Amino acid sequence: MPEFLFNNKLYYNPVEFVMDRIGGTWKMPILWRLREKTMRYGELKKTMPRVTHKMLTSSLRELEEEGFIHREVYAVVPPKVEYSLTERGQRTIPVITGIREYGFELMKEFGIDMSNEGSLSI
């Protein structure tokens, strides 16, 4: 595949391009949590206690800018903001599911304790 430019960045393959959009520590977990329901910021934060407010805010903004999530702001006091997946975001779920399942396989192969598999999220 020939290299290509997008937003002044050179990419060498489509995998690199996708990972730049949804990769990193927090973007896929955010998308995963929104797969079944709309959530408010505080709800997302509670399900990911190790993410900082700065990183969660930054990741949400990037996912919104890229068209993976929708941010709905309600004109009420106090302000209410909800996040949901767009159609583009919904299309990431099978990809994330495959990566997650492969992760479980690798964990097993490497002898990582999976006795709490039910509690393991993404």
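User: What makes asparagine 7 count as exposed or buried?

Analyst: In this predicted model, asparagine 7 has a relative accessibility of 62%, and since exposed means over 50%, asparagine 7 counts as exposed. Asparagine 7 is placed in the loop between strand 1 (4-6) and strand 2 (9-11).

User: How do you know which label, buried or exposed, belongs to asparagine 8?

Analyst: The cut-off for exposed is over 50%, and asparagine 8, at 79% relative accessibility, therefore counts as exposed. Asparagine 8 is also found in the loop between strand 1 and strand 2.

User: Why is the backbone of asparagine 7 and asparagine 8 worth a remark?

Analyst: Most residues other than glycine have a negative phi. Asparagine 7, although not a glycine, has a positive phi of about 50 degrees, and asparagine 8, which is not a glycine either, has a positive phi of about 65 degrees.

User: What is the peptide bond from valine 77 to proline 78, cis or trans, and how do you know?

Analyst: Omega for the bond from valine 77 to proline 78 is near -5 degrees, and the bond is cis, whereas most peptide bonds are trans. Proline 78 has its place in the loop between strand 4 (69-74) and strand 5 (80-85).

Key. Residues numbered from 1 in each chain as written. Predicted model: local features only at pLDDT ≥ 70, side-chain atom pairs only at ≥ 80, totals over all residues. Heavy atoms only, no water. Helix = DSSP H or I, 4+ residues; strand = E, 2+ residues; numbered from the N terminus. Buried < 20%, exposed > 50% of the residue type's maximum accessible area, 1.4 Å probe, protein only.
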